[in-house]
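Please look at how the chains of this assembly meet one another.

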4 protein chains.
Amino acid sequence: MDAMMMDAMSKDMMSMPGMESMDMDAMQACMDACSACEQACTVCSTQMMDCAPACMNCADMCNTMMRSMMRMQGMTPAAMMAMLDACIAMCQVCMDMCMAHADESPVCKMCAQACQACMDACMAMKATMATA
Amino acid sequence: MDAMMMDAMSKDMMSMPGMESMDMDAMQACMDACSACEQACTVCSTQMMDCAPACMNCADMCNTMMRSMMRMQGMTPAAMMAMLDACIAMCQVCMDMCMAHADESPVCKMCAQACQACMDACMAMKATMATA
Amino acid sequence: MDAMMMDAMSKDMMSMPGMESMDMDAMQACMDACSACEQACTVCSTQMMDCAPACMNCADMCNTMMRSMMRMQGMTPAAMMAMLDACIAMCQVCMDMCMAHADESPVCKMCAQACQACMDACMAMKATMATA
Amino acid sequence: MDAMMMDAMSKDMMSMPGMESMDMDAMQACMDACSACEQACTVCSTQMMDCAPACMNCADMCNTMMRSMMRMQGMTPAAMMAMLDACIAMCQVCMDMCMAHADESPVCKMCAQACQACMDACMAMKATMATA
C-alpha cells in the first residue's frame with residue numbers, strides 16, 4: 001500500500017474495537033508482505049509442481065490477511081491474532097514445500113523467500129499488538 | 001459441495017501430509033457451511049450497517065477456509081487447525097456484530113445464523129481431527 | 001443461495017442503478033451455478049493436469065461473478081453484461097481444457113460440466129436483462 | 001509485482017495458447033495497477049458511503065484480473081479481452097461513484113484515481129494485444 005493511500009486513511013480506519021491504536025509502520029509492512037506473497041504464490045502455483053496446492057492455499061490466506069488489515073473496524077484483537085497465526089502457519093507450509101525444490105526452480109525459491117518475509121512481517125505485527 | 005463432486009474426488013484428494021484420512025462427512029458439512037456463510041456475509045455487507053467491515057472480513061475468511069479444505073494436499077494438520085481457529089474467531093466477531101441488530105434487520109439475523117452454523121461446523125471439524 | 005437468504009434480501013438489494021428490477025429466479029440460478037463452478041474448478045486445479053491454471057482463473061472469475069450479483073447496488077447493466085461475458089469466456093476456456101481429458105479424469109469431467117452449467121446460467125441471465 | 005519476481009518467471013509463463021508473446025512491460029504495469037486498485041477499493045469500502053458495494057465489486061474484479069495475468073497458461077486472447085473489458089467496466093462504475101463525493105472524502109478521491117489508473121492500464125494492455 002503506497003504512502004498516498006496510507007495518508008488518506010483516517011485515524012478511525014487504523015483502530016479496531018478493543019485496541020486503541022495500531023503500529024502503522026508494522027501494519028503497512030505486513031500488508032505489503034502479504035500482497036507480495038500472494039503474487040509469488042499465484043505465479044508459483046502455475047508451475048504444476050507438488051507445491052501448487054500449498055501455494056494456492058497460501059495466496060488466498062495472504063489476500064484475506066491483507067484485506068482484513070484494511071478493514072480494522074470489523075476486527076478484534078483476538079480475531080486478528082488468530083488470523084495472523086493462520087497466515088504464519090500457511091506460509092510455513094508453503095515455504096517448506098517450495099524450499100524443497102528451490103534449487104530446481106527459481107520461482108519456488110522466490111516464493112519461499114516471499115513466504116518467509118510474510119511470516120516475519122506477521123510475527124512483527126503480533127509483537128506490536130502484544131505490547132500495545 | 002454436491003454429492004457428485006464428492007464422489008469424483010479421489011482418496012488422494014481427501015488426505016493431507018501428516019494425517020492419513022479425514023472425516024469426509026464433517027469436511028463436506030464444513031465446506032458447505034463456509035460457502036453459505038460467505039454468501040450471507042456478502043449480502044449483509046451491502047447494507048452499510050456497522051457490521052459491514054466484519055462481514056467482508058468473514059466472507060473472505062470463509063472462502064479461504066472452504067477452498068483450503070478442497071486443497072488438502074497443500075495443508076498440514078497444524079495449518080488446518082490454525083485456519084479453523086481463525087475462521088471461528090472471525091465468525092464470532094461477525095456474529096456478535098450482526099446479532100446486535102438482528103431485530104432491525106432480517107439480513108443481519110440470517111447472517112448471524114450463518115456465522116453460528118459455520119463456527120459449529122469448524123469446531124466439529126477440529127474435533128474429528130483431534131481424535132484421528 | 002438458499003431460499004431463506006433470498007427471502008431476507010429486500011427489494012432494494014435486487015435492483016441496480018439503471019435497471020428497475022431483475023429476474024430473481026435467473027439470478028439465483030446463476031449465483032448457484034457460479035458457486036458450484038468455483039468449487040469444481042478449485043478441486044480440479046489440485047490435480048496438476050494442464051487444465052490447472054485455467055481452473056484457477058475460472059474459480060476466481062466465478063466467485064467474483066457470484067459476489068457481484070449479491071451487490072447489485074454497486075453495479076450497472078453495462079458492467080453486469082461485461083462481467084457475464086468475461087465469466088462465459090473464462091468458463092469456455094476451462095471447459096475446453098477439462099473436456100480434453102474428461103475420459104481420463106472424472107474430476108475434469110465434473111469440472112467441464114460445472115463450467116457448461118455456469119455458462120448456460122450466465123447466458124440465461126443476459127437474456128433476461130436484454131428483455132427487461 | 002517486483003522486478004525479481006518478473007525475472008524469475010520463465011518465458012513459458014509469459015505466453016498463452018493462441019498468442020506467442022505478451023508485452024511484459026504493459027502486463028507488469030497492469031498487474032500493479034490492479035493490485036493498487038484492489039487495495040484502494042478495499043479501504044474505500046469500509047467508509048460505508050454509497051460507493052461501498054461498487055468498491056467491493058471492483059476490488060474482487062481487480063484481484064481476479066491480476067491473478068489471471070499471472071496464470072497466462074490458462075487463458076486465451078478472447079478470454080483475456082473479455083476479462084479486461086469487465087475490469088474496465090467495473091472500474092468505470094466505481095470511479096464514477098467515488099468521484100461523486102471526492103470532495104468530501106480523500107479516500108474516495110484516492111480510490112477514484114486508482115480506478116482511473118487501472119482502467120488506463122487495462123486499455124493499454126488491450127492495445128498491445130490488438131497489435132500483437
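Which residue of chain A forms a salt bridge with D:Asp60, and how far apart are the closest N and O atoms? The partner is A:Arg67, and the closest N and O atoms are 2.9 Å apart. The model is a predicted one, and every value here is computed from its atoms.

On the chain D side, the elements that give two or more residues are helix 1 (3-8), helix 2 (24-45), helix 3 and helix 5 (106-130). Helix 2 of chain D gives the most, with seven residues. By class, the side of chain D that touches chain A has 15 nonpolar, eight polar and four charged residues.

The size of an interface is often given as the accessible area lost when the parts come together. For chain D and chain A, the buried area is about 2,400 Å², with 65% of it from carbon and sulfur atoms. D:Met5, D:Gln39 and D:Arg67 supply 23% of the area that chain D buries against chain A, more than any other three residues. The contact takes 27 residues from chain D and 27 residues from chain A.

Chain D also touches chain B. Here nine residues of chain D are in contact with nine residues of chain B, and the two chains bury about 610 Å² between them, 80% of it on carbon and sulfur atoms. In chain D, the residues that lose the most area to chain B are D:Met48, D:Pro53 and D:Met56, together 67% of what that side buries. Between chain D and chain B there are zero salt bridges and zero residue pairs in polar contact, with both residues at pLDDT 80 or more. Helix 3 (residues 52-69) of chain D provides the largest share of the side that touches chain B, four residues. That side has five nonpolar, two polar and two charged residues.

How are chain D and chain B related? A rotation of 180° with 0.0 Å of shift along its axis superposes chain D on chain B, with an RMSD of 0.0 Å. The two copies are therefore related as by a two-fold rotation axis. In chain D, the C-alpha nearest the axis belongs to D:Met48, 2.6 Å from it. The same surface serves both copies, as 100% of the contact residues of chain D recur in chain B.

Over all chains, the whole structure has 20 salt bridges. One of these lies within chain D, where D:Lys126 pairs with D:Asp85 and the closest N and O atoms are 2.6 Å apart. D:Lys126 is in helix 5 and D:Asp85 in helix 4 (residues 77-99) of chain D, so the pair ties together parts that are 41 residues apart in sequence.

Definitions and conventions: Residues are numbered from 1 along each chain as its sequence is written. Chains are lettered from A and ligands numbered from 1 in the order in which they are written. This is a predicted model: local features need pLDDT of at least 70, side-chain atom pairs count only at pLDDT 80 or more; totals for chains, interfaces and linings use all residues. Side-chain values use heavy atoms; hydrogens and water are left out. Copies are superposed by least squares on the C-alpha atoms of residues with pLDDT of at least 70 in both. Contact means heavy atoms within 4.5 Å. Buried area is the accessible area (1.4 Å probe) that two parts lose on being put together, summed over both. A salt bridge is a side-chain nitrogen of Lys or Arg within 4 Å of a carboxyl oxygen of Asp or Glu. A polar contact is a pair of N or O atoms within 3.5 Å; within protein, one must be able to donate a hydrogen and the other to accept it, and residues adjacent in sequence count only if both atoms are side-chain atoms. Ala, Val, Leu, Ile, Met, Phe, Trp, Tyr, Cys and Pro count as nonpolar, Asp, Glu, Lys and Arg as charged, and the others, Gly among them, as polar.
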